[in-house]
Amino acid sequence: MPDWKKLIEGKIALAQKAKLLGAKAGKANVNERIPNGQKQVTNFPVLDLGIRPNVNTTNWSLRVYGLVEHELNLKWMDFRSLPQFKDTSDFHCVTRWSQLDMDWEGVSARELLMQANPLPNAKFVTLHSYDGYTTNLPLDALLDDDVVIAHSVFSKPLTAEHGGPVRMVVPKRYAWKSAKWLKSIELHEFDRPGFWEVRGYHNDAFPFLEQRFSDDDY
Ligand SMILES: Nc1nc2c(c(=O)[nH]1)N[C@H]1C(S)=C(S)[C@@H](COP(=O)(O)O)O[C@H]1N2
Ligand SMILES: [Mo]
């Protein structure tokens, strides 16, 4: 597992160096909670493609497949009987709003992936959603200890508009990586850009590096 703090600090050091050299760079600072270019909100806006899939706790299932030893196919009750995990984290949307201290509850993505037991050549994931949306991440990003496969936020079940019954939450990346209406997690050897990633959004999407678009690198 990568040392995330080190990784991010390393990238930020690079960004600051780039700034000294006169390149485009933000005031990225891990000690500040609101990344550069973001505004704090408290109303938890809704952002998606506008397609509300017909999914609820009776027809929902979650599949973990691809490069895994044990494929998982979980119905709602299977999912709800997994060990429960809570985490409070900040949520940063590329459209420039950030909400702090979101109380998520669900299952640790790491825990679920460990049950599927990724094969050694599994390096990347695609998150598939019931609205047809996809997004991609390195497998390591899902093994981070703040990643929640969430069924609740602020002690209430996720509403349909926020991705209920279940969504992914990947706090260290811009929120387009946090797939709502999660349907499946596919593991592969090579990276496959998702819905926004093929449309010019940044593949890595670190808010503190302002990696909004694919040409935002220093
Ligand atoms: N399935 C799906 N997940 C999605 C999206 C989407 O369109 N479809 N939009 C993403 C974007 S751009 C953001 S900012 C967050 C917004 O989550 P929210 O509507 O709960 O605030 O969901 C992300 N997950
Ligand atoms: Mo977003």
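**Briefing: strands, cores and a pocket**

Gly-106 has Ala-150 as its bridge partner in strand 8. This is a predicted model, in which local features need pLDDT of at least 70, side-chain atom pairs count only at pLDDT 80 or more, and totals for chains, interfaces and linings use all residues. Residues are numbered from 1 along each chain as its sequence is written, and side-chain values use heavy atoms, with hydrogens and water left out.

- Strands here are DSSP runs of E with at least two residues, and helices are runs of H or I with at least four, numbered from the N terminus.
- Two strands pair if DSSP finds at least two bridges between them.
- Strand 5 covers residues 97-108, and nine of its 12 residues are buried, so the rest of the structure largely encloses it. Buried means under 20% relative accessible area with a 1.4 Å probe, protein chains only.
- Strand 8 (residues 148-153) pairs with strand 5 in the antiparallel sense, over five bridges.
- Strand 4 (residues 85-92) also runs antiparallel to strand 5, with seven bridges. Lys-86 has Glu-105 of strand 5 as its bridge partner.
- Four residues lie between the strands in the hairpin of strand 4 and strand 5, where Arg-96 takes a positive phi near 85°.
- Strand 1 (residues 39-40) pairs with strand 5 in the parallel sense, over two bridges.

**Nonpolar cores**

- A nonpolar core is a set of buried Ala, Val, Leu, Ile, Met, Phe, Trp, Tyr and Cys residues joined through side-chain atoms within 4.5 Å.
- The largest core has 33 residues; Phe-79, Leu-142, Ile-149, Met-168 and Ile-185 touch the most other members.
- Elements giving two or more residues to this core include strand 2 (61-66), helix 3 (109-116) and strand 11 (182-188).
- Helix 3 gives the largest share, four residues.
- Another core, of 13 residues, lies apart; among them are Val-41, Phe-44, Met-102 and Ala-150.
- Beyond its neighbours within four places in sequence, Ile-185 is in contact (heavy atoms within 4.5 Å) with residues including Tyr-65, Leu-113, Leu-142, Ile-149 and Met-168.

**Second largest pocket**

- A pocket is an open set of points on a 1 Å grid over the protein atoms alone, where a 1.4 Å probe fits, with protein on both sides within 12 Å along at least five of seven lines; lining residues have an atom within 4 Å of a point.
- Of the 24 lining residues, Leu-47, Asp-48, Tyr-133, Ala-175 and Trp-176 are the closest to the centre of the second largest pocket.

Terms used
Chains lettered and ligands numbered in written order. Buried < 20%, exposed > 50% of the residue type's maximum accessible area, 1.4 Å probe, protein only.
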